[in-house]
Amino acid sequence: DVTEIEEKEAQAKQEEQIMKEQELSNLLHEKRYLKALGLAISLDRPHTVLVVVKAILKETDGRRHLEENIVRLRKDQKEAVLAFLVTWNTNSRNCHEAQAVFEILLKHEAPDSLLQYAGIKSAVESLLPYT
């Protein structure tokens, strides 16, 4: 019977998830946005990434800070953010943040580099009607 082992594994995963949530909350409170973005992306939480982006934009000179943070993300993280912003862009409350992030990606990534992103074709096709 492996029920007990599976229960312990599930409990360990749940505890790890709670720890990451607390860490994310602490990072936001401490305004350590790059780490908060990375953690939210790794947790696959589009809404949390949006919350971080909005928090950055509320700061003094927020656009510049957002740019600095987005540019420092790894390629796989940028791909995830691109997928998230496609969804954000469909909602008028979040479209400005989506467009700000998309502008940064377009401005700092070479076209050849952008073409290597996973899902770039569908992302652009989805963004066009709303942009």
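Helix 5 has 15 residues, which at 1.5 Å a residue should span 21 Å, and its end C-alpha atoms are 21 Å apart, in agreement. The expected span is 1.5 Å times one less than the number of residues in the helix. Helices (H or I, at least four residues) and strands (E, at least two) are DSSP runs, numbered from the N terminus. The model is predicted, so that local features need pLDDT of at least 70 and side-chain atom pairs count only at pLDDT 80 or more, while totals for chains, interfaces and linings use all residues. Residues are numbered from 1 along each chain as its sequence is written, and side-chain values use heavy atoms, with hydrogens and water left out.

The protein contains 8 helices and 0 strands, in the order α-α-α-α-α-α-α-α from the N terminus. Its C-alpha trace spans about 55 × 35 × 25 Å along the principal axes. Of the 131 residues, 35% are buried (under 20% relative accessible area, with exposed over 50% and partly exposed in between; 1.4 Å probe, protein chains only). Among contacts (heavy atoms within 4.5 Å) with a separation of 6 or more, 59% are between residues 24 or more positions apart.

In helix 5 the buried residues are Gln77, Lys78, Glu79, Val81, Leu82, Phe84, Leu85, Val86, Trp88 and Asn89. Their cover includes helix 2, helix 3, helix 4, helix 6 and helix 8. Helix 6 (residues 95-108) has 14 residues and should span 20 Å at 1.5 Å a residue; the distance between its end C-alpha atoms is 20 Å, which agrees. Cys95, Glu97, Ala98, Ala100, Val101, Phe102, Ile104 and Leu105 are the buried residues of helix 6, and they are covered by elements including helix 3 (46-58), helix 4 (62-71), helix 5 (75-89), helix 7 (111-115) and helix 8 (120-127).

Excluding residues up to four places away in sequence, Trp88 touches Pro46, Val49, Leu50, Val53, Asn94, Cys95, Ala98 and Val101.

The axes of helix 3 and helix 5 come within 10 Å and cross at roughly 85°. Axes are lines fitted to C-alpha atoms, for helices over the stretch in contact, and angles run from 0 to 180 degrees between N-to-C directions. Helix 3 is therefore roughly perpendicular to helix 5 (65 to 115 degrees; under 35 is roughly parallel, over 145 roughly antiparallel and the rest oblique). Pro46, Val49, Leu50 and Val53 of helix 3 meet Val81, Phe84 and Trp88 of helix 5. This contact comprises 7 nonpolar, no polar and no charged residues. Here Ala, Val, Leu, Ile, Met, Phe, Trp, Tyr, Cys and Pro count as nonpolar, Asp, Glu, Lys and Arg as charged, and the others, Gly among them, as polar.

Helix 3 and helix 4 pack at about 135°, with axes 6 Å apart, and are therefore oblique to each other. Val53, Ile56 and Leu57 of helix 3 contact Gly62, Arg63, His65, Leu66 and Asn69 of helix 4, giving 4 nonpolar, 3 polar and 1 charged residues.

Thr48 also lies in helix 3 and counts as buried at 14% relative accessibility. Apart from neighbours within four places in sequence, Thr48 contacts Leu24 and Ala40.
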